[in-house]
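Q: Hi! Could you walk me through this protein model? I'm new to this.

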Amino acid sequence: MSLPVEAKNIILSRMHSASELDKAFREGYFAWIAGLIDLRKVSKFEDLGVYSAALLLANTPELKGFSKGYMLRLKGYEETVSSYIRNGGDVVATSVDLGCHSNTIRYRLNKMKELVNAPNETDHEFFRDLSIAYMVAKVLTR
């Protein structure tokens, strides 16, 4: 299996029988990709939480469509989205990361909610949907 040079971490899939070796490789690969995208150490597929299900379904027409549609509407906000995801939805950490005021980040988040037709979603609901769309989009472009 030819992995890029930066693939130095050992990533564990869940336990599988020998007949499901392909599944083990796929889980390990997705965990590695998620670790690169999220910039966190991921050592087990199980550590991905809801992403473990989303990433295994990333290539389905439904999840592909959700992710592509969501991210297309946020064109121009990629840097904010990436930082917001990396910082776990923390507005203050995102503002420090991007070198701007936290109110600027809140304004951008509200604007993004409008763009994806979710103006009434809570910040938690928005982060959930945004992070899944973002992760799936990144996996599909790898």
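Here is a short chat about a lysine, the nonpolar cores and a pocket.

A: Happy to! Keep in mind that this is a predicted model.

Q: Okay, let's start with K113. Which helix is it in?
A: K113 sits in helix α6, which covers residues 102-115.

Q: And is K113 buried or exposed?
A: K113 counts as buried, because its relative accessibility is 6% and the cut-off for buried is under 20%.

Q: What does K113 touch, leaving out residues up to four places away in sequence?
A: K113 touches A118, P119, E121, T122, D123 and F126.

Q: New topic: how many residues are in the largest nonpolar core?
A: There are 18, and Y70, L74, V81, L109, M112, F126 and L130 have the most contacts inside it.

Q: Which elements give two or more residues to this core?
A: Those are α3 (61-73), α4 (78-86), α6 and α7 (123-141). The largest share, five residues, comes from α7.

Q: What about L109, who does it touch beyond four places in sequence?
A: L109 touches Y84, V91 and F126.

Q: What other core lies apart from the largest one?
A: Another core of 16 residues does, with F30, A31, L48 and V136 among them.

Q: Now the largest pocket: how much space lies in it?
A: About 340 Å³. It has 15 lining residues, and M71, L72, A137, K138 and T141 are the closest to its centre.

Q: Which helices supply at least two residues each to that lining?
A: α3, α4 and α7 do.

Q: And what classes of residue make up the lining?
A: The lining of the largest pocket has seven nonpolar, three polar and five charged residues.

How values were computed. Residues are numbered from 1 along each chain as its sequence is written. This is a predicted model: local features need pLDDT of at least 70, side-chain atom pairs count only at pLDDT 80 or more; totals for chains, interfaces and linings use all residues. Side-chain values use heavy atoms; hydrogens and water are left out. Helices (H or I, at least four residues) and strands (E, at least two) are DSSP runs, numbered from the N terminus. Buried means under 20% relative accessible area, exposed over 50%, partly exposed in between (1.4 Å probe, protein chains only). Contact means heavy atoms within 4.5 Å. A nonpolar core is a set of buried Ala, Val, Leu, Ile, Met, Phe, Trp, Tyr and Cys residues joined through side-chain atoms within 4.5 Å. On a 1 Å grid over the protein atoms alone, a cavity is a set of points where a 1.4 Å probe fits but cannot get out, and a pocket is an open set with protein on both sides within 12 Å along at least five of seven lines; lining residues have an atom within 4 Å of a point. Grid points are joined across faces, edges and corners, and a volume is the space filled by probe spheres set on the points. Ala, Val, Leu, Ile, Met, Phe, Trp, Tyr, Cys and Pro count as nonpolar, Asp, Glu, Lys and Arg as charged, and the others, Gly among them, as polar.
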